[in-house]
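Open the model in your viewer and keep the selection panel at hand. The tour goes stop by stop.

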Amino acid sequence: MPLDNGRTARGSSLKPTLKPNNPNFSSGPCSKRPGYDLASLPTVSLGRSHRSALGKKLLARVCEQTARVLGLPEGYLVGLVPASDTGAMEMAMWSMLGQRPVDVFYWESFGQGWRADIEQELRLVDARFFEADYGQLPDLAQANPDHDLVFTWNGTTSGVRVPDGDWIAADRQGLTLCDATSAVFAQQLPWDKLDVVTYSWQKVLGGEAAHGMLILSPRAVQRLESWTPPWPMPKIFRLAKGGRLIKDIFQGATINTPSMLCVADYLDALDWVEAIGGVRETIARCDRNLAVIERFVASHDWIEFLAVEPATRSNTSVCLQLDLPAASVKRMTALLDEAGVARDIDAYREAPTGLRIWCGATVAETDLEALMPWLEWAWNEVKN
Ligand SMILES: Cc1ncc(COP(=O)(O)O)c(C=O)c1O
C-alpha cells in the first residue's frame, strides 16, 4: 500500500481501544442529543387531547419557538403537518404547483422522488428536469426565475449540498420549494430566497419521525390563496379552504392528531438548541464534525468524499467512497457494528457503495474522533 503519514496502511491495523461513547451515526432517525433522557421529558400532555388548552398551547409553542430559534423573517409561517418531511413536501407540491412552469433540480434519490411526483403523479407538462450524478450538482444557473423551483438543499444520500442561495433570484416570480430536511439547524439557509421549506424532527435535532415541518413565506401563502389546483386534494394535504389559508394549522391546530410524546421530545430538542447557543452553535457543531472527517480523509488515500467539490460537501450526511468492492464495505460496516463503535453507516441503498456517517448537531465531535481509528482498523481487516 502507499505510504500513509510515514506508515504503511497495513502497519496500522491494531485494534483501537477508545470507543465512541455513542455509536449512533445513522442518517435518520439520527442520534439523540448528548444528555438526552426519555424519562425526563414532561409527560403532562400525554393522554390529553391535542385540542385541549394545554395541547394547543404546546403545539403553538412548536410553531413559535421554531420560528424564533431559526430566526425566520417576519411574516413566515411554521406549521406542523403529518407524514414527516415527505408529507410536508408532498402537501406543498400538491397545493402549490401547476400555476406556472416548474424547474426541478436533483442529484440523489430523494430529489429524484420529487421529480417522479411531478412527472408521474401530478403529470405537469410544463416541467424541466436538471439532473446530476451522485457526487455532483446540476447546473443551478439554469433556474428560470419565472418558474417554480423544486430542489433539495442537502442531498442526504449523496452528501452533496448547495453551497448557498446566490443562484436563486431575489426578484423571482416563481416559488422555491426546498426540501431541507437534513440541512435545517445545520446549514445557513437564505430564508428570503426560500418560499417553502420542509424538514422533519428526526434529522439534525435527533427528534422523532412521522411529523413534518412546513415553513411558508408570504409569497407561498399568496399562492395558496390565489391558486386552486385541478387535481383532488386529500384532507391530509389541505392547506387552504375557499381561497383562504387555513391559518390555524400554523398556530398549533394540526390537520389531524399528532403524537404529544413526539411534541414533548421536539420541544426538548429546541430547548437544547437554545441552551447551547442557538442555530449558530448547531451549525458550528456540524462544521466541526465534518472537519474531523476531512482531516481523516486528507491523511488516508483509500477513502474519499463522494461530493466532488469541497464547497458542496455536506456537514450532516457525510458520504464516503472506499477502494473496496461492495461486499468488503459491507463486511467493514458489519465489523464496526459488532465492535459497538458505529451503527447504520452503510451508504443509502440506492447510492454508490460506501459509508455515510451522520455529522449532525447531536453527534459529539469526540465520538467522531474516536470513530476514525476504527475505520482504519476495519478497512485493514477487510483489505488484508
Ligand atoms: C432529503 C430527504 N428528503 C426526504 C426524506 C424523507 O424524510 P421522511 O422519512 O422524514 O419523510 C429524507 C429522509 O432521509 C431525506 O433525506
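In which helix is the place of I276? Select helix 5, residues 260-276, and I276 is there. Keep in mind throughout that this is a predicted model.

**Stop 1: I276**

Colour I276 by accessibility. I276 is partly exposed, with a relative accessible area of 22%. Now show its contacts, skipping residues up to four places away in sequence. I276 touches E281, T282 and R285. Leave R285 displayed, for R285 also belongs to a salt-bridge network with E281, R288 and E365.

**Stop 2**

How many salt bridges does a search of the whole structure find? The search finds 19. Start with D265 and K32. These two form a salt bridge, and their closest N and O atoms are 3.1 Å apart. D265 sits in helix 5, while K32 is in the loop between strand 2 (7-8) and helix 1 (53-70). The pair links distant parts of the chain, 233 residues apart. Is D265 buried or exposed? D265 is buried, because its relative accessible area is 3% and the cut-off for buried is under 20%.

Next, select R68 and E274. Their side chains meet in a salt bridge, 2.8 Å from N to O. R68 counts as exposed at 51% relative accessibility. E274 is partly exposed, with a relative accessible area of 35%.

**Stop 3: helix 8 and helix 6**

Move to E369 and R295. They form a salt bridge whose closest N and O atoms are 3.7 Å apart. Why does this pair tie together separate parts of the sequence? E369 lies in helix 8 (residues 365-383) and R295 in helix 6 (residues 279-298), so the bridge joins parts that are 74 residues apart in sequence. E369 is partly exposed, at 37% relative accessible area. R295 counts as partly exposed too, at 48%.

**Stop 4: T156**

Select T156. You will find T156 in the loop between strand 7 (154-155) and strand 8 (160-161). T156 is buried, with a relative accessible area of 5%. Show the surroundings, leaving aside neighbours within four places in sequence. T156 is in contact with S27, E108, S182, K203, S317, C319, R356 and W358.

**Stop 5: A339**

Which loop holds A339? Look between helix 7 (326-338) and strand 16 (355-358). A339 is buried, with a relative accessible area of 10%. Beyond its neighbours within four places in sequence, A339 is in contact with K19 and W374. Draw a distance from A339 to C286. The two are 53 residues apart in sequence, and their C-alpha atoms are 25 Å apart in space.

**Stop 6: a charged patch**

Which residues form a positive surface patch? Select R51, K56, K235, R238 and K241. Then pick out K235, in the loop between helix 4 (218-226) and strand 12 (240-241). K235 counts as exposed because its relative accessibility is 57%, and exposed means over 50%.

Definitions and conventions. Residues numbered from 1 in each chain as written. Predicted model: local features only at pLDDT ≥ 70, side-chain atom pairs only at ≥ 80, totals over all residues. Heavy atoms only, no water. Patch = residues over 30% accessible without salt bridge, like charges linked within 9 Å, V, L, I, M, F, W, Y side chains within 5 Å. Areas by Shrake-Rupley, 256 points an atom, 1.4 Å probe, with all protein chains shown as cover. Salt bridge = Lys/Arg side-chain N within 4 Å of Asp/Glu carboxyl O. Lys, Arg positive; Asp, Glu negative; His and termini not counted. Charge placed at Lys NZ, Arg CZ, Asp CG, Glu CD. Helix = DSSP H or I, 4+ residues; strand = E, 2+ residues; numbered from the N terminus. Buried < 20%, exposed > 50% of the residue type's maximum accessible area, 1.4 Å probe, protein only. Contact = heavy atoms within 4.5 Å.
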